[in-house]
Structures are given as structure tokens and as C-alpha cells.
Amino acid sequence: MKERRSLIIWIVVLTATAAVFYAIDQAIMAGQGLPLNWILQPA
Amino acid sequence: MPTWRTGLTRPGLRFWAVLAIFLLAAVAAGSVEAQASDTLISSGITDQDLTSPPVTEESVGAPKLGPRDYPNIGVSSRSVVWVVAQLHLFFAAFVLAVPLFVVVIEWIGQTTHDRRYDDMAHEFMKISLTAYSITALLGGTLSFVLFLLYPGFMAFLMRVFGSQVLVYAGLFFAESTLLYIYYYSWRRLSSGNGKWLHLTLGLLLNAVGTSLLFIANSWATFTMAPSGVTEAGVVTGGIWEIMRGPLWNPLNLHRFIANIAFGGAMVGAYAAFKFLSSTTKADKAHYDWMGYTANFIAVLALLPLPFAGYWLMAEIYAYSQQMGITAMGGILAWLFIVQAVLIGTILLAANYYLWSGMSRSEGSKRYDWIIKYIAGVLVLGFLVWVTPHTLILSSDEIATLGGSHHHILGPLGIMPAKNIAVNLMLICTFLSFQLYRRSDKVATVSWEKSGNALMTAIYLVAIINVIFAGVYYGYFTNTVYKVGASVIQVVSTLFVIISGVILDSFMYRNAKILPSRWGQVSERSQYALFALPVAFTWLMALMGYVRSSVRGHWHVYGVLKDASPDNFIPTIGYAGNMMTIVTVLFLLMVLFIFWLASLGETRKPYVEQS
């Protein structure tokens, strides 16, 4: 029972971590201008 | 002997006498200049009339050099400058880096009241002190060599940077003064307020040292991406505009971090050298601990280094796509494969040292099972990284291969695959580092399990994210997204490193410390500490050459053409030989310094109680 509870908590933590990473990924790809302007629009 | 004579022989009086003469000379010079100016004004002559002929763009722009503007001394001028400049840079990197972490170690010793840290910081400084004079000698030699062999180029640089070079000279005096005071006042300022004064001196020393580094960087980046001048070389901006070119800050960051990693690796080699030659248990314990600290510094600085390099390369592409392609897509691209071999060597050696070092504590048995997986990822990542994209093939070989690229290994030759490999290798190195740090501790906090669950989740998600971003955006979407995807990978890796450091600092607060057997580490592990500086030195010679030669046939890119007989990018073999010669020379000089540092040794090593 205790092990099952630990597993559930871990899955919750894992999902939350994945959500954080997903949000960061989306922010980076949406704001392509940030890094890509250096590359695609040379001075 | 008359009294005034004996008085002047006393050092204090002599100093004041010399100072008075200088002051009088300065006042007299100022007065003469003012009088001359007054005379000119009263006679109706202005400064403008005295400057003849009138200023034109040709007269103040970059000179148009011809082959006769370069003296011939019978050997390749470029090779002479190459050797001297690279040696100067190696030593400068070392002597500027050591005080950076020495101050931190000294501060740790002061706050923890652990005398070992203070002794070790002092010993680190002793090594760098001998290297400091060699740095200055090489810097002077480099100036002579440049002015002798490239007078037109140097005259142009002097005109552009003007009195800034005097600021550099002034800072150099300040650096020398602070360095000697910092080292020689160590014992005198060792307690109470004196210690804090000593730490402040260390901070000042580092502020001056870093300023020196940044000024010298501005000269290098000006030649690659000039700013504050027109294409004809006419100075249009102030010194700040000239210094603040597009590559200045990326190079500042990259060299600052790389210097720390390099300095850590060098003192690590010193510790290994002393460990292997020590005969007593106490000495072995001391130098084992010193090697551990040095490796800690080198690895911690190494982890963010590829990202700083990535920023520098991105800015090079942004400044000139041609320059970026010359570096990473043209003749110099093969050197990036050699770079992969060297960084792979560094990561394997650093990890091997961490795994060997874990065995000092019984607590490391908890983590033994995972090492083989880390080793597997490192080896696979290394193999992907060294896979070239474009091969130089004969028609028969192309026919046998079925095309110019291998049908399975070809996709591993491009950047998305290499980005995955590098990021996974860095994550694994951090994992080794984290386990190494944990191996002699047992957490006592109630939330240990939850903390570990969170850390495992972060590792797992970051690894999946790195692989997904590389594969999906690198191979299945528009090319434009590849660069954005690499930012995702970098952020994922940094996320693991930063969260790992923060989490462990809380989780292992008030942890139970298991005994460590300092000095009982395997001798093999010490050779890993030797491998690190050798690979670092070679790597700096290699990538420094790439950075400099992307200018092609320009002294100052797009502004001042190189008309010397060496105005071409040499063959890879020739460049490789030059780098190897410089690396071997440097290591021989370092061995000499280690030997010097061991002369007249009086240190009483700390005896580990545990």
C-alpha cells in the first residue's frame, strides 16, 4: 500500500516536471526571435 | 662621506627624491607646453594650421600594406608569433584564473575556520606566482615580435586603440603590485580584521586581472569583427565603441569560464604530481584532497563552458555568415572533430577521476550500480560526436559507400545529433559529480525520498527532452527550428545542473558525514588528473587557432588586408604540428614551474584525522 502511494506521488512529480519542461520548450520555440535573430538576420 | 650622501642611500629617502624629480619634471613640462601654447595663440597661429597636410580619409585610415612592409627574418613570421602568442595566452589564462578560485577557497577557510583551506589556497598561489613572471616575459616578447614582424598592422592597432594600451600597462602594474602584496602578506594578515583586509586585496587583484583579460580580449575581437571604424579603417567612434564589438562579451564570458577550468586542471596536475611523489601518508592525504578540490573547480567550470562557446559561435555567424561557415563548414570544420576527441577525453578523464574518488568513502557503494550506465552514455555520445559529416573520398570509395554520405551514420554527422550527444554527456558528467559529492554523506532531512524522487524526475524529463528536441526539430521540421531546438537542449541541461546544486544544498544540510580515507585513492586516478590539463592545453591551442584563422587573409577583418607571405589558412597537418609543438613547450615549462615550487618547501601538511 505504501509502495503504491509512493509510486503515485512519483508519477505526479514526474508529470509536473514534464509540464514545467514543456512550458519552457513552448516559450523558447514561440519566442524564436530571441536566439534566431542573431543567426538569421546578421548585422 | 658627507651626510646628504648617506641620507640618499636610504631607500625611503631615495624614493621621495625620485618622486620629487618626477613631479618637478611633470610641472616643468606642463609649464613649457602652456607657454608654447600661449605664444602660438598670441601670434595668431592655431593648432589647425600646424597640422599639415589636411586630414584625409587615406591619411588616417588603415594602411594598404604590400609584401615589402613585412621584414623577413628567415623563418615564418606567423609561426614565430603563433608560438609566442599561444604560450603567453596559456600562462596568462593560468595566472588570471588561479587567484579567482584562491580567493573563494580562502573565504571558505575563513568562514568555516578550517585551516586546511587557507593552506591549500596559499599553495595554489605559490604555483601561480612563478608562472606570473613567465607570463610577463612572454607578453613582452610577444610585443617585440609583433612590432618587429608586423609593423604596419601594429601601427594601425595603436592608432585605433590609442591611449587604451597605456591603461592596460597601468593595470598591469596594479596587478603585479596587488599580486605580490596578496601573496607575501598571507601570513601577516592571517587573523582578525587583517584576514578580511587580505580577502579584499584578493578581490581587488581579481578585479584588475579580469579587467586586463577583457581589454586584451577587445584587441582580439576587434581584429575579427571591428567596430568603431569605417571599412577604410577610419576611426569614427570612441574607445568604448571600438572595444564593445559584437564578439567582445561572448569571448569575455568564454575565456573567463575556460580560464577557471584550465587553472583548476593545472593545479590538479600539480596535486597529482605531488601525490605520486609523496612518501608519507600525511602528504598523500593532503595532495589527494588538493587534487579533489582542483578537479571540483575544473569540472564545475567545464559544465557551462560549451554553452558560452555556443554563444560565441552564434555571434560569429550573426556578424558574418561567411566567417561562421569558414569555421564550421569549411576547412576548419575538421578541427571541430578533433575538438570532439579532446573534449571527449576531458569528460572521460574527469568522470573516471570522480568514480575513482568515490571509493574513498564506504557510502559510495550505494551508487556503484549506475556507473556502468553513465560510462555507456559517455562512450556512445563520444562516438556520435566524432562522426564526421562530409568525408574526403575517392570515386571508388563513394561507389562502395553508395553516396557521399553513409546511409546510416551520415545523419549522425550533423549538428542535431551532436547536440544530443554533448548535452547527454554533460548531464551524465553532472550526475557523476553529484553522486561523488553525495558519496560521503547521509541525508538526515525527513523529505529525502521526495527530494530524490524530484531529482530523478528532473533527470528523466531532461534526458527525454534533449533527445526529443534534437530528433524532432533537427530531422523532422524546417531547418529554421534547429537552432531554437538547441536552446531547449541547453536550457534542459542547465536546469538539471542548477536544480541539482540547489536541491543537494538543502537536502544535505546537517547531513551525517561518513569517514573518507584521503590518500587511499588509486594511483591510476592521478593519471586522469594529468590527462585533464594536457587535453585542455591542446584544446585551447586548437580552438584559439580556429578563432584567429577565421579572418583568412585579413589582419583586421574587412578593414586591413594581410599582404604577408603567410596570408592564407595553412593545411590542417601544419596547424596540428604547430599546436602540438606549443602544447609540448608549455607543458615542459609547467614541469619546470612545479619543480621550482617544490624547492625550499617548508609546508607542514595537514594530517587527516578521520
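Visitor: Does Arg360(B) count as buried or exposed, and at what relative accessibility?

Guide: At 4% relative accessibility, Arg360(B) counts as buried, where buried means under 20% relative accessible area, exposed over 50%, and partly exposed in between, with a 1.4 Å probe and protein chains only. This is a predicted model, in which local features need pLDDT of at least 70 and side-chain atom pairs count only at pLDDT 80 or more, while totals for chains, interfaces and linings use all residues. Residues are numbered from 1 along each chain as its sequence is written, chains are lettered from A and ligands numbered from 1 in the order in which they are written, and side-chain values use heavy atoms, with hydrogens and water left out.

The side chain of Arg360(B) meets that of Asp288(B) in a salt bridge, at 2.6 Å from N to O; the term stands for a side-chain nitrogen of Lys or Arg within 4 Å of a carboxyl oxygen of Asp or Glu. Because Arg360(B) lies in the loop between helix H15 (333-358) and helix H16 (368-385) of chain B, and Asp288(B) in helix H12 (residues 281-302) of chain B, the pair ties together parts that are 72 residues apart in sequence. Helices here are DSSP runs (H or I, at least four residues), numbered from the N terminus. Asp288(B) is buried as well, with a relative accessible area of 0%.

The loop between H15 and H16 of chain B also holds Ser364(B), which counts as buried at 5% relative accessibility. The side chain of Ser364(B) reaches the backbone oxygen of Met358(B) at 3.0 Å, and a polar atom of that side chain lies 2.9 Å from the backbone oxygen of Ser361(B). Once neighbours within four places in sequence are left aside, Ser364(B) is in contact (heavy atoms within 4.5 Å) with Met358(B), Ser359(B) and Ser439(B).

Terms used
Helix = DSSP H or I, 4+ residues; strand = E, 2+ residues; numbered from the N terminus. Polar contact = N/O pair within 3.5 Å; in protein donor to acceptor, adjacent residues only side chain to side chain.
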